[in-house]
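Me: Please take a close look at a single part of this structure, the place where two of its chains meet, and describe it in one connected answer.

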Amino acid sequence: MIAEAGLAALWLGAALCLLQLVAAILAVRGEAQLAGIVRPVAVAQAALTALAFSLLIWLFVKVDLSVALVFENDHSEKPFLYRFAATWGNHEGSMLMWVAILGAAGAAVALFERKLEERTLLATLGGQAVVGLGFYAFLLFASNPFARLFPAPPEGRGLNPLLQDPGLAFHPPTLYLGYVGLSVAFSFAIGALVTRDVGPAFARAMRPWVLGAWIFLTLGITAGSYWAYYELGWGGWWFWDPVENASLMPWLAATALLHSVTVLATRDGLRAWTLMLAVIAFSMSMVGTFLVRSGILTSVHAFAVDPRRGMFLLVLLFLYIGGALALFGARVGAVREGARFDPVSREAGLVANNLLLSAILGIVLVGTLYPLILEAATGTKLSVGPPYFNAAAGPLALILVTIMAAGPLLRWRRDNLVPLAKRVAPAAGLALIMLIVVKLAAPSIHILSLLGLALAAGLALASVAPLWQRNLRRTPLFIWGMVLAHLGMAVSLAGMACDSSFTVEKLVAARVGETVTVGPYSVTFDAVDPTFGANWQALQATLLARRGDSDMLTLSPQARTYWAPPTETSETAIHTALDGQLYTVLGKQAPDGRWQLRLWWKPFVTLIWAGGALIAIGGTLALIGRLWRARRKPQEVWL
Amino acid sequence: MTGYAKWAPLVAFILLGSALTYGLTKPETTNIRSKMVGASVPSFTLPPATAGLPGLSSSDLAAGQPHLLNIFASWCVPCVAEAPQLKAIAEAGVPVVGIAIRDRPEALQRFLARNGNAFRAIGADDASQVQMAMGSSGVPESFVIDGRGRILQQVIGPINPQDVAGLVAAVKAAR
Amino acid sequence: MRHLLLALALIAAPVWADSDLPPAPLADTQLPDPKQEARAQALMETIRCLVCQGQSIADSNAELAGDMRAMVRQRIAAGEKPEAIRAWLVQRYGSWVTYDPPLDRVTWLLWAAPVMFLAVGLLIARSSFQRRRT
């Protein structure tokens, strides 16, 4: 009954989506009466998909095994949190979540967007409906989450143990809120291209939506990276895996869009760039969805592979991205040429920022797809991994960091190099000192890490510089947001550089009672005991770690075996200190009775994710600041 | 935006889309083919993998007689399925030799007793060294090797009954 | 009782299609010389595991990956250069086995991409700027 209700809600939602599209098209073309129904229909549609999603969650929590999806991914012995999160730990459920968020984003625009000109808003809601229809069709015809299974089996297959982690409850929803939130920017761009209304007012209207999606995307990627770090057990936090790249590309585009939209809002420039980036950002989200679910690229993170579904998604990609880009080509010429800038100015800095982010985006895209393209063209099989991405994108990222440091210190409209140099001097000086100190302390450090650490120090100082000599209590919140976000970038960069240069790894085959030194810690292997959990059994090692004269710490890494589905995983045990993490993994036992232990000392690695969180907090402050300011001073034109 | 620049993103996307379409429509081949086909067998000497059969070395494969080299293991499930085919090939007069990957003598004995022994010699490759040197990436795999020790053909996966005749012919044609 | 539970735990682990020989000696043991180990580790992180879904041999629990790690460490300890080992593997498995794509006739575009993107971007950006008026 509930499953059928969910399916019915989805069909109704799809029907309303079609109505939304038709009404929006007609309203934009002049049918004034229909204009009034577009917003309510958008809200109703969102309510129905939200209902469908809630019903699916209910089915998972109650372990209703007459629904095929629940059978394949759920298990009655799983803890509540994982029954709940298993709803989106599979293709159909996560696709339903995608559509639900898409609907919700459209409803939010319908309910809360007041600044946009009416026709453009209707065109935007129309754009949202166009995108929605394709994904509704995909869901209803190729990925029905509510398909029944008769007779209902006695027990479910269970969720992949690697996914039975709080990370699953957090990472996909935040990531999807980001991915799909970018659809609003996409629809705004479509709306603007249709009504040819691109200007500061449009940019100011679009900005909060971009910020919102970007914040979630930042959080989602940061959470995903940390989850993979502690879950997979090899101490890495980014591998340039195709799925990871699929989440990074929208973020790069969204970051560029965020900065571009500010230029459009303040100086009415970069119109075409902004529209293009808005289209590209969501296009990258859709390409990412395709890559992950079609199976054309091998990845540890890939969902269940189904080329038939992949084909459906590919057709949607051609329609949406091709359509949007064709619209762009056809209409962008009619968008009146925006302002031009002085080569030394804040605008110029933002143009450079756009340029570098787009170049990095291009590199990630090319690197991810080159093996496929090459195989298509010549049949040669190739692998492109970290050596390429680090070498190609790393230097560009460092140049970007330099511009990020100087950017907020540049004046709008026109600046001069000598005064700029004076403003930038303290940060540059700090970077230079850091460079020398680090090089002396670690002569064999890799050049990218060395520059990364030096520039991180410089950026950290430069990002708080805009606050210098300001009345802090009267500084607008969005300035604080910018400061924190850039500071977060510096913190994250420092963490990355430290992790890649100063990590110490010890691989030992140890007998119970032996002591190993790793970094500042001496770790004693105390015992191995069996232990049990809700749906697993494990061998748990007890490691006693001590650092100098401090207290003894206990770490308990496990080698776990789940029985539904039968899988072996390893649960890392991590101790977080102020200056790094002690990361421990228990391996297999050798025939001579010794146990495989992998121990890492990773100095300052937590800065990577702390930085990510700071960036997200900065973004949130900026968002609140902008919304608050718009409420208080609706007529204000500046910044 | 100039005339060309505004269409560039669409063109780039069409190229991208073509690559993605290819990716979807190409046959699913996760196998890594050995690049040593056409080259000489790398030199190696492997001890006997089990009692009753001699070990294997590369000089045995270059002694003038073509061979079918089968890389397998007793713990490999598909190897059980291809045992009858190997027997058929051996009975057709083709010398079949094997390399056992990460195996134990007793387990190998049991495997051969249960599934038949088509091998004239089996070398023990406990650390997959020769397997790597041959460019093989899994078990079972088979190689047709000519009398001078050159690798002529690679079969990835178990030998199907319908491929037996072709392989026999290939080995017999090799000199 | 503890030993019995331990034994049960080990038996209850699922039986995979894996050999039951232990890993090769150097698969999970570091080389005594830290410089050599660092070189070996750097190489292992860029060699692709042949039987995995997109992992390097440094990060994989597969047996063949362990054997490849053992081979890498053995050769580095014997004095071979990492690039020679990489070349040996590429000779056997093709470019697919290395995560560091070579620079040759078919991959020059990949390596040229960053420069090309920058150049194209600069050209586009040029139209945003106006000549400086003094």
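Reply: Chain A and chain C bury about 4600 Å² between them, and 64% of that area lies on carbon and sulfur atoms; buried area here is the accessible area, taken with a 1.4 Å probe, that two parts lose on being put together, summed over both. On the side of chain A, the residues that lose the most area to chain C are Arg340(A), Ser383(A) and Tyr388(A), which together make up 13% of what that side buries.

This is a predicted model, in which local features need pLDDT of at least 70 and side-chain atom pairs count only at pLDDT 80 or more, whereas totals for chains, interfaces and linings use all residues. Residues are numbered from 1 along each chain as its sequence is written, chains are lettered from A and ligands numbered from 1 in the order in which they are written, and side-chain values use heavy atoms, with hydrogens and water left out.

Counted by residues, the contact (heavy atoms within 4.5 Å) takes 55 residues from chain A and 50 residues from chain C. Between chain A and chain C there are 0 salt bridges, a salt bridge being a side-chain nitrogen of Lys or Arg within 4 Å of a carboxyl oxygen of Asp or Glu. Polar contacts, by comparison, are found for 8 residue pairs across this interface, both residues being at pLDDT 80 or more; the rule asks for a pair of N or O atoms within 3.5 Å, where within protein one must be able to donate a hydrogen and the other to accept it, and residues adjacent in sequence count only if both atoms are side-chain atoms.

As for the elements involved, those of chain A that give two or more residues to the side touching chain C are helix 12 (346-378), helix 13, strand 1 (504-510), strand 3 (521-532), strand 4 (536-547), strand 7 (566-571) and strand 10 (595-603); helices (H or I, at least four residues) and strands (E, at least two) are DSSP runs, numbered from the N terminus. Helix 12 of chain A supplies the largest share of that side, 12 residues. By residue type, the side of chain A that touches chain C divides into 31 nonpolar, 13 polar and 11 charged residues, where Ala, Val, Leu, Ile, Met, Phe, Trp, Tyr, Cys and Pro count as nonpolar, Asp, Glu, Lys and Arg as charged, and the others, Gly among them, as polar.
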